[in-house]
Amino acid sequence: LDELQNQLEHLRNQLDQANKQKQTIQNEEQMRQDSLKKLSHDYQTLEQAHQQLQQTREKETKQAEINVVKLLEQIDALEARLASASASVSESVDAPKDNKENKENKDDGADQSMEILMKEK
């Protein structure tokens with residue numbers, strides 16, 4: 001009877017040990033499952049962030065291209081205005097010069113007329 005009680009006690013100890021191991025394995029499996037869920041969630045979050053970043057980058061690139069085109073148009077317009085203003089200034093500077101040349105030509109003509117009259121006398 002004592003030996004049967006010892007064997008029973010030994011079997012109960014083995015059963016307790018086996019239950020502890022089973023519980024440890026179940027706890028580890030639950031931690032793995034929780035980790036996997038967290039990693040999956042983190043991956044989805046990163047994927048969404050990546051997509052948003054890519055969309056934002058595409059929008060910003062398009063806006064930058066539009067801004068470049070607008071700036072080039074403004075530069076062209078300013079260059080045209082500068083060319084026009086430069087031409088106007090050139091004409092303004094040339095006009096008095098032409099008037100001076102005309103006056104000089106008239107003066108030369110008057111001098112020549114006077115010389116002819118003097119010779120005739």
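This briefing walks through the salt bridges in the structure above. The model is predicted, and the count of salt bridges comes to three.

- R32 meets E28 in a salt bridge between their side chains, with an N to O distance of 3.9 Å. That contact counts because the rule asks for a side-chain nitrogen of Lys or Arg within 4 Å of a carboxyl oxygen of Asp or Glu.
- R32 and E28 are four residues apart in helix 1 (residues 2-120), so about one helical turn separates them.
- E29 also forms a salt bridge with R32, and here the closest N and O atoms are 2.9 Å apart.
- Along helix 1, E29 and R32 are three residues apart, again about one turn of the helix.
- Both glutamates are partly exposed: E28 has a relative accessible area of 35%, and E29 comes in at 36%.

**The pair K38 and D42**

- K38 and D42 form a salt bridge whose closest N and O atoms are 3.1 Å apart.
- Helix 1 holds both K38 and D42, which sit four residues apart, about one turn of the helix.
- K38 is exposed, with a relative accessible area of 53%, while D42 is partly exposed at 30%.

**How the contacts join up**

- Through salt bridges that share partners, E28, E29 and R32 are joined into one network.

Note on methods
Residues are numbered from 1 along each chain as its sequence is written. This is a predicted model: local features need pLDDT of at least 70, side-chain atom pairs count only at pLDDT 80 or more; totals for chains, interfaces and linings use all residues. Side-chain values use heavy atoms; hydrogens and water are left out. Helices (H or I, at least four residues) and strands (E, at least two) are DSSP runs, numbered from the N terminus. Buried means under 20% relative accessible area, exposed over 50%, partly exposed in between (1.4 Å probe, protein chains only).
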